[in-house]
Each structure stands twice: as C-alpha cells, then as structure tokens.
Amino acid sequence: MVTTIDDLVARSRDGVHRPGPVEAQAAVAAGARLVDIRPAAQRAREGEIPGALIVERNVLEWRLDPAGSHRIPEATGHGVAWIVVCSEGYASSLAAASLRELGLHRATDLDGGFVAWAAAGLPTARSDGGGLA
C-alpha cells in the first residue's frame, strides 16, 4: 500500500489538538513558544508574527532537541510547549509530528498557519529576512 502526503498529514494530526490563532496567542501568553518554520522568501512575502522564533524547517529538529549539540537556548527540555507555524498549517503538522518523535510531547502546530493568524487580525510585522539557520 502506498502512503500519500494526505495520509501523512492526517496521521500527524491524529489525536493532536491544533490551536487556532486566538487560542495560540493565549497559549503564548501562558508560556508556549511559537516557532515559524517558513523560509525567508515566504516570510518576506507574507510577514511574520512578532515574538515568534524563526527556525527554518530544514534545521528545526537540530535546534529544538534539548539533548542536541545544535539546540537553541529556548530548547530547555522536553516539556516546552512548541506551536509550529508555517504558511497554511500543513508543513507545520508534519514538523510538529517530527518534534513529538524527539520526545517533545507538547509540540503542536497552528491550525491554518500564518494565513489564519493574519486573517484573525492578530499582530503581524514585515519580515527583516533574518532568523536562525
């Protein structure tokens, strides 16, 4: 049997609560961390969420693994509540599933991604093109 990308996305979301924009904003206020995995060109087109950590998808696991030698300072343990953000909420579902495989059991993703965040009228900013590599 062949697995499709739709199958992978569905499997990555199975049993996982994915907060919408307003709930994600409240979770951040309570200590969760937003991590934006979109590439610089996409952030430049769409904008950014102020305060979100920028960690592009290709290095995400290395930066958030609290046991890894290439982790960022915010990767303090397996109990960090990470909310992964992509453009529309598909790549972020796969990324959050990968983080859960690393033992980051509170990792989830923003339902609808940056597009839903902006559509909800929540704060956005122009991208400066920076971020963590």
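Tutor: Gladly! Contact means heavy atoms within 4.5 Å, and helices are DSSP runs (H or I) of at least four residues, strands (E) of at least two, numbered from the N terminus. This is a predicted model, where local features need pLDDT of at least 70 and side-chain atom pairs pLDDT 80 or more, while totals for chains, interfaces and linings use all residues. Residues are numbered from 1 along each chain as its sequence is written, and side-chain values use heavy atoms, without hydrogens and water.

Student: What makes H1 oblique to H5?

Tutor: The axes of H1 and H5 come within 9 Å and cross at roughly 55°. That angle makes H1 oblique to H5, because under 35 degrees counts as roughly parallel, over 145 as roughly antiparallel, 65 to 115 as roughly perpendicular and the rest as oblique.

Student: Why does Ile 83 count as buried?

Tutor: Its relative accessibility is 4%, and buried means under 20% relative accessible area, exposed over 50%, partly exposed in between (1.4 Å probe, protein chains only). Ile 83 therefore counts as buried.

Student: How do you know that the charged end of Arg 38 sits over the ring of Phe 114?

Tutor: The charged end of Arg 38 is 4.3 Å from the centre of that ring. The rule asks for NZ of Lys or CZ of Arg within 6 Å of the ring centre and within 35 degrees of the ring normal.

Notes
Axes fitted to C-alpha atoms, helices over the stretch in contact; angles between N-to-C directions.
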